[in-house]
Amino acid sequence: MKQPGAQMTLGVGTTALPLGSASSGPPLPAYSVLLNDVLIGDRSLFTRPDGLEHVWTVADGILRNKPEPIPYARGTWGPREAVELARPHAWVLPR
């Protein structure tokens, strides 16, 4: 941290942000929860390196061979071709 004064002198400081004890009041925004996970070293919601590599392998193929967008009617869940993306299962949509 910058030490008080006109000079740009840096020093070491500590702080505590006990997010786990903030149970009263509204829940923390998602980004605050994410930052807290980073600070405490909780990697459970982060992509592992092998997962990230797989995502880029898939994305690279799409980026190199971009499909044409399929138009669909406003207010719908998308084009009927989108149903095929979830096969052999189905999309979980709110009713």
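Modeller: Of the 95 residues of the chain, 6% count as buried, where buried means under 20% relative accessible area, exposed means over 50%, and partly exposed lies in between, with a 1.4 Å probe and protein chains only. This is a predicted model, in which local features need pLDDT of at least 70 and side-chain atom pairs count only at pLDDT 80 or more, while totals for chains, interfaces and linings use all residues. Residues are numbered from 1 along each chain as its sequence is written, and side-chain values use heavy atoms, with hydrogens and water left out.

The chain exposes about 9300 Å², of which carbon and sulfur atoms supply 62%; these areas come from the Shrake-Rupley method with a 1.4 Å probe. Its radius of gyration is 23 Å, whereas a compact globule of 95 residues would have one near 12 Å, the radius being taken over C-alpha atoms and the globule rule being 2.2 Å times the number of residues to the power 0.38. Among contacts between residues at least 6 apart in sequence, 0% join residues at least 24 apart, a contact meaning heavy atoms within 4.5 Å. The chain has three helices and zero strands, these being DSSP runs of H or I with at least four residues for helices and of E with at least two for strands, numbered from the N terminus.

Against that background, the structure holds three salt bridges, each defined as a side-chain nitrogen of Lys or Arg within 4 Å of a carboxyl oxygen of Asp or Glu. Side chains of opposite charge can pair when their charged atoms come close.

One of these bridges joins D60 and R64, with the closest N and O atoms 2.8 Å apart. Both residues belong to helix α2, which covers residues 49-64, and they are four residues apart, about one turn of the helix. D60 is partly exposed at a relative accessible area of 31%, whereas R64, at 68%, is exposed.

In another bridge, the side chains of R48 and D50 meet at 2.5 Å, N to O. Here R48 counts as exposed at 56% relative accessibility, while D50 is partly exposed with a relative accessible area of 43%.

A further bridge brings together the side chains of R87 and E84, at 3.0 Å from N to O, and E84 counts as partly exposed at 49% relative accessibility.
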